[in-house]
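Welcome! Please take a moment to look over the sequence and the 3D view below before reading on.

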Amino acid sequence: MTFPTALPAPRTPDPMDAPPLRWGVLGTGWIAQRFCDALARHTRQRVLAVGSRTREGADAFADAFVARNADASGRLERPATYGSYEALVDDPDVDVVYVATPHHLHLPHARLALGAGKATVVEKPMGLSRSEVDQLEALASARGLFLMEALWSAYLPKFDVVRQLLDDGVLGTVHSVQADLGEHFGPEHRIMRADLFGGPRYDLLTYPLWFARWVLGDLVEAAEVVTPAPASVSPDGVEGQIAVSARSASGGVASLFATILGDTPTTATVVGSAATLSIDGPFYQPGGFTLRAHDGRELRYDEPRIAHAGLHFEAAAAARAVAAGRLTAHHQTTG
Ligand SMILES: NC(=O)c1ccc[n+]([C@@H]2O[C@H](COP(=O)([O-])OP(=O)(O)OC[C@H]3O[C@@H](n4cnc5c(N)ncnc54)[C@H](OP(=O)(O)O)[C@@H]3O)[C@@H](O)[C@H]2O)c1
């Protein structure tokens, strides 16, 4: 394969064209807010209902959602509000439930949604272990229901261009992937709490891990080095940093790093025998990359750096899959 003269265009369909589903949002935290805003502003998906542990929480979320988005999206219906997750999943008008609770609650809450017969999109990581994911997949499959992990990066136009470059062999033999994701958090953040399975492992690391598998295939051998967060950062003593070295079946090597102790470049690099792909930080969000051949030729990709406003791409992908009767569209990060 010779070095291309231009990059392929993303094949990602217009999110506005995705068939509108009626979404029920389970849990009203940081990501749920951004997810709902992205839906309201960039898709025809409807945030039909919101479930919280308290009715007050659901009402506050619904009111703030309408206040933030009414102008941007014209007429905006106020979601129905429920003071329990059980009541939310029982709403007969909800087509698909978006589970946005802390990591360790994904299993029970996704089970709840699937048990109520709903298509279910679960925030990453879908489970804390392969066995938890297996349980959910078995339940969804037994009931003929759609189940997807909300690994939103996988649905961004940027990564469709990268996928085409990989599939077309533009990089040659892919030898290695490097990716890091480090962020500074305040002491009050859930990522500092042991009871909420804090630390980088179930959170930030999911992105480098997803990316390495997405490029290299299954990782067959891995070793990790972990350091605890200092007590001054997390009195709970959650993991602070984790470095993973892994090998894929094809002989590729992954070098991955995640930390809650500070900001890192958050870039990703794929090294091939013919070219190197360098994804700008934050690599897992909408943004750009550079493809560079050994002789110095370069091609540059850019897309609007809209951060979490890009969450609508995964919602549109889920809507298309559900409407088409597919049972999954997920990219698994738990192994
Ligand atoms: N895709 C992304 O870019 C992205 C970014 C951030 C987080 N996430 C994922 O989304 C999930 C939620 O993260 P977040 O940052 O949104 O967390 P968060 O702000 O703490 O929100 C979590 C929500 O879960 C509900 N909840 C139920 N039981 C809870 C408990 N025991 N303690 C705390 N909250 C509880 C609460 O909603 P109610 O009070 O309404 O019940 C709470 O608002 C995580 O698994 C994370 O990995 C994804």
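## About the model

This is a predicted model, in which local features need pLDDT of at least 70 and side-chain atom pairs count only at pLDDT 80 or more, while totals for chains, interfaces and linings use all residues. Residues are numbered from 1 along each chain as its sequence is written, and side-chain values use heavy atoms, leaving out hydrogens and water.

In contact (heavy atoms within 4.5 Å) are 9 residues of domain 1 and 11 residues of domain 2.

Together the domains bury about 1000 Å², 75% of it on carbon and sulfur atoms. Buried area here is the accessible area (1.4 Å probe) that two parts lose on being put together, summed over both. H103, K124 and L151 supply 49% of the area that domain 1 buries against domain 2, more than any other three residues.

## A salt bridge across the interface

The interface of domain 1 and domain 2 has 1 salt bridge, meaning a side-chain nitrogen of Lys or Arg within 4 Å of a carboxyl oxygen of Asp or Glu. D203 also forms a salt bridge with R190, the closest N and O atoms being 2.8 Å apart. D203 pairs with K124 as well, at 3.3 Å between the closest N and O atoms. D203 counts as buried at 6% relative accessibility, whereas R190 is partly exposed at 33%. Buried means under 20% relative accessible area, exposed over 50%, and partly exposed in between (1.4 Å probe, protein chains only).

## A buried leucine

L136 sits in helix α5 (residues 130–143); helices (H or I, at least four residues) and strands (E, at least two) are DSSP runs, numbered from the N terminus. Is L136 buried or exposed? L136 is buried, with a relative accessible area of 0%. Not counting residues up to four places away in sequence, L136 touches several residues, including H106, L107 and M126.

## More salt bridges

The structure holds 21 salt bridges. One of them joins D95 and R22, with the closest N and O atoms 3.0 Å apart. D95 lies in the loop between α3 (85–89) and β4 (96–99) and R22 in strand β1 (residues 22–26), so this pair ties together parts 73 residues apart in sequence. R55, D59, D63 and R78 are linked in a network of salt bridges.
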